[in-house]
Amino acid sequence: MVRLARPCHMPFSWTCTTPRCSTKFTGAQAGIQVDLTPLGAFILLARPMSELTNRLPSLPELDIPALAALPERLAEEATWANRFALVDAVLCRLFRDPLLQPDPAVDWAWLQLTRTAGGMPVAALASEIGWSRRHLLTKFHEQLGLPPKTLARVLRFRRTVALLAPGGSPQVGDGAGNLAEIAARCGYADHSHLVREFHALAGCPPTEYLNELRAALS
């Protein structure tokens with residue numbers, strides 16, 4: 001994410017994190033946020049993602065001149081259309097000639113995890129690829145920033161949130177969703193397991209999370 005503010009700029013990047021993270025500020029803010037897939041970040045930043053996990057490095061810390069210079073260049077543009085065009089141009093140029101490419105096996109394993117919302121067991125992933133679980137974990141740390149089990153946990157949580165969101169699961173319960181049924185559908189042991197995951201990953205129980213989500217969407 002890149003934030004723009006006059007008279008000073010506060011650019012920062014955001015990498016894979018497992019605890020809940022939030023930013024707070026006072027006054028008016030304007031900015032551009034760019035969301036990347038984990039493998040997209042690996043290609044763009046050209047470094048082991050494990051170096052950046054659970055960190056909040058500034059753009060200059062990433063040692064990519066085009067990104068470090070981007071906040072000042074964006075602030076000089078007069079319109080949002082020009083700013084978006086500039087971001088597109090910079091990112092396209094960086095992606096066009098990458099220094100690193102993900103291992104095809106890691107790419108495949110990540111696709112299976114996303115396709116199953118974290119439901120494919122790590123042992124099955126390793127077996128399909130022909131790697132040991134230790135080697136798979138090492139490669140995930142390097143190229144995705146988190147081990148496969150943790151990423152599966154996050155993907156399962158994302159699916160749960162999507163089902164609980166207003167209009168997200170018309171087949172389940174009422175508008176807020178039936179927590180026990182959704183817990184079963186998403187692979188949690190029970191309702192209590194789902195609630196514990198909300199506390200661990202979102203910092204609040206499901207009901208509070210849904211209330212905040214409704215307020216944000218209203």
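Predicted model: local features only at pLDDT ≥ 70, side-chain atom pairs only at ≥ 80, totals over all residues.

Colleague: How many helices and strands does the protein have?

Modeller: The protein has 11 helices and two strands. Helices (H or I, at least four residues) and strands (E, at least two) are DSSP runs, numbered from the N terminus. In order from that terminus, the elements run β-β-α-α-α-α-α-α-α-α-α-α-α.

Colleague: What share of the residues is buried?

Modeller: Of the 218 residues, 39% count as buried. Buried means under 20% relative accessible area, exposed over 50%, and partly exposed in between, with a 1.4 Å probe and protein chains only. The accessible surface comes to about 12,200 Å², and 55% of that surface belongs to carbon and sulfur atoms. The areas come from the Shrake-Rupley method with a 1.4 Å probe; for residues, only the protein chains shown count as cover.

Colleague: And the contacts, what share joins residues at least 24 apart?

Modeller: Among contacts between residues at least 6 apart in sequence, 60% join residues at least 24 apart. A contact means heavy atoms within 4.5 Å.

Colleague: Let us turn to α10. What is its span?

Modeller: Helix α10 covers residues 191-202, which makes 12 residues. From its first C-alpha to its last it reaches 16 Å, close to the 16 Å expected at 1.5 Å a residue. The expected span is 1.5 Å times one less than the number of residues.

Colleague: Which of its residues are buried, and what covers them?

Modeller: In α10, His193, Leu194, Val195, Glu197, Phe198, Leu201 and Ala202 are buried. Their cover includes α8 (148-164), α9 (179-185) and α11 (206-217).

Colleague: Changing topic, how many salt bridges does the structure hold?

Modeller: The structure holds three salt bridges. A salt bridge is a side-chain nitrogen of Lys or Arg within 4 Å of a carboxyl oxygen of Asp or Glu.

Colleague: Which one involves α10?

Modeller: The side chains of Arg153 and Glu197 meet in a salt bridge with an N to O distance of 2.7 Å. Arg153 lies in helix α8 and Glu197 in helix α10, so the pair ties together parts that are 44 residues apart in sequence. Arg153 is partly exposed at 29% relative accessible area, whereas Glu197 is buried at 7%.

Colleague: And what of Glu142 and Lys139?

Modeller: Glu142 forms a salt bridge with Lys139, and the closest N and O atoms are 4.0 Å apart. Both belong to helix α7 (residues 133-144), and because they are three residues apart there, about one helical turn separates them. An α-helix has 3.6 residues a turn, so residues three or four places apart point the same way. Glu142 is partly exposed, with 29% relative accessibility.

Colleague: Where does Arg55 come in?

Modeller: Arg55 and Glu61 meet through their side chains in a salt bridge of 3.1 Å, N to O. Arg55 is partly exposed at 36%, and Glu61 is partly exposed at 46%.

Colleague: How many disulfides are there?

Modeller: The count comes to zero disulfides, a disulfide being a pair of cysteine sulfur atoms within 2.5 Å. As for individual cysteines, Cys92 is partly exposed with a relative accessible area of 45%, while Cys186 is buried at 8%.

Colleague: Lastly, which loop holds Ala46 and Asp63?

Modeller: Ala46 is in the loop between α1 (38-45) and α2 (65-68), and Asp63 is found in the loop between α1 and α2. Ala46 has a positive phi near 55° although it is not a glycine, and Asp63 has a positive phi of about 60°. Ala46 is partly exposed at 27%, whereas Asp63 is exposed at 64%.

How values were computed. Residues numbered from 1 in each chain as written. Heavy atoms only, no water.
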